[in-house]
Amino acid sequence: MWGLRLGDDIDDFCIKCKRVTNHSVLAIVDDAPAKVRCRTCYHEQEFRDSIAPPTKRELKKAAEAEAAAAAAADAESGLDPEIEASAAGNGDADEPIAAEAPPSSKPAAKKPARKR
Ligand SMILES: [Zn+2]
């Protein structure tokens with residue numbers, strides 16, 4: 001698929017130059033470049049397909065995003081008990097409403113008392 005030969009030029013991210021530079025193919029595994037040498041600084045490295053390694057800032061961002069995702073997951077999982085609790089609260093709410101009915105009969109009882 002690569003059609004590469006040893007010594008061919010290939011673009012890759014050089015961790016020394018910290019940018020994509022021309023590289024020479026040093027090793028080929030399964031018809032894909034395995035090891036390359038930067039033509040700018042001659043640093044040998046494993047072929048990374050021009051994918052830059054994550055910087056410390058990116059690693060920190062990824063860690064923060066992961067923590068935020070974990071916190072969001074915790075919040076979502078925490079909603080379920082609340083929903084169940086509110087559903088249980090609605091069931092309890094029926095009792096106070098039923099309890100209000102008897103007091104409403106008391107004013108009715110007072111009316112005859114006013115008539116006297
Ligand atoms: Zn380099």
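Q: Does Asp49 count as buried or exposed?
A: The general idea is a neighbour count: a residue is buried if 20 or more other C-beta atoms lie within 10 Å of its own, exposed if 12 or fewer, and partly exposed in between, with C-beta atoms placed from the backbone. Asp49 counts as exposed because it has 10 C-beta neighbours inside 10 Å. This is a predicted model, in which local features need pLDDT of at least 70, side-chain atom pairs count only at pLDDT 80 or more, and totals for chains, interfaces and linings use all residues. Residues are numbered from 1 along each chain as its sequence is written.

Q: Where is the place of Asp49?
A: Helices and strands are DSSP runs numbered from the N terminus; a helix is H or I with at least four residues, a strand is E with at least two. Asp49 is in the loop between β4 and α1, the latter spanning 56-115. Asp49 also has a positive phi of about 55°, although it is not a glycine.

Q: How many helices and strands are there in the protein?
A: The protein has 1 helix and 4 strands. Along the sequence, the pattern reads β-β-β-β-α.

Q: What is the order of the 4 strands in the open sheet?
A: Pairing is decided by bridges: two strands pair if DSSP finds at least two bridges between them. Here the 4 strands make an open sheet in the order β1-β2-β3-β4, with antiparallel pairing. β1 and β4 stand at the edges with a single partner strand each, so one side of each is left without a neighbour in the sheet. From one strand to the next, the twist averages 45°; the axes are lines fitted to C-alpha atoms (for helices over the stretch in contact), and angles run from 0 to 180 degrees between N-to-C directions.

Q: How many bridges join β1 to β2?
A: These antiparallel strands are joined by 6 bridges. Asp11 stands opposite Asn22 in β2. β2 and β3 also run antiparallel and are joined by 6 bridges, and the bridge partner of His23 in β3 is Cys38. For β3 and β4, the antiparallel pairing covers 3 bridges. Across to β4, Lys35 has Glu46 as its bridge partner, and Val36 stands opposite Gln45.

Q: In the hairpin of β1 and β2, which residue in the turn has a positive phi?
A: That residue is Lys18, with a positive phi of about 60°, in a hairpin that has 4 residues between the strands. Lys18 is found in the loop between β1 (9-14) and β2 (19-29). Lys18 is exposed because 11 other C-beta atoms lie within 10 Å. From C-alpha to C-alpha, Lys18 and Ala52 are 7.9 Å apart in space and 34 residues apart in sequence.

Q: What phi does Asp30 take in the hairpin of β2 and β3?
A: Asp30 takes a positive phi near 55°, and the hairpin has 2 residues between the strands.

Q: How many residues lie between β3 and β4 in their hairpin?
A: There are 5 residues between them, and Tyr42 in the turn has a positive phi of about 65°. Tyr42 is not a glycine. The loop that holds Tyr42 runs between β3 (32-38) and β4 (44-46). Tyr42 counts as exposed because it has 10 C-beta neighbours inside 10 Å.

Q: Why does His23 count as buried?
A: His23 counts as buried because it has 26 C-beta neighbours inside 10 Å. This residue, His23, lies in strand β2. Across the protein, 8% of the 116 residues count as buried.

Q: Which residues does His23 touch, not counting those up to four places away in sequence?
A: Contact means that the C-beta atoms of two residues, placed from the backbone, lie within 7 Å. His23 touches Ile10, Asp11, Asp12, Val36, Arg37, Cys38 and Arg39 on that basis, with residues up to four places away in sequence not counted. Asp8 is 15 residues from His23 in sequence, and the two are 8.0 Å apart in space, C-alpha to C-alpha.

Q: With which residues is Thr40 in contact, leaving aside neighbours within four places in sequence?
A: Thr40 is in contact with Cys14, Cys17 and Thr21 when those neighbours are left aside. Thr40 sits in the loop between β3 and β4. Thr40 counts as partly exposed because it has 13 C-beta neighbours inside 10 Å.

Q: What share of the contacts with a separation of 6 or more comes from residues 24 or more positions apart?
A: Such residues account for 33% of those contacts in the protein.
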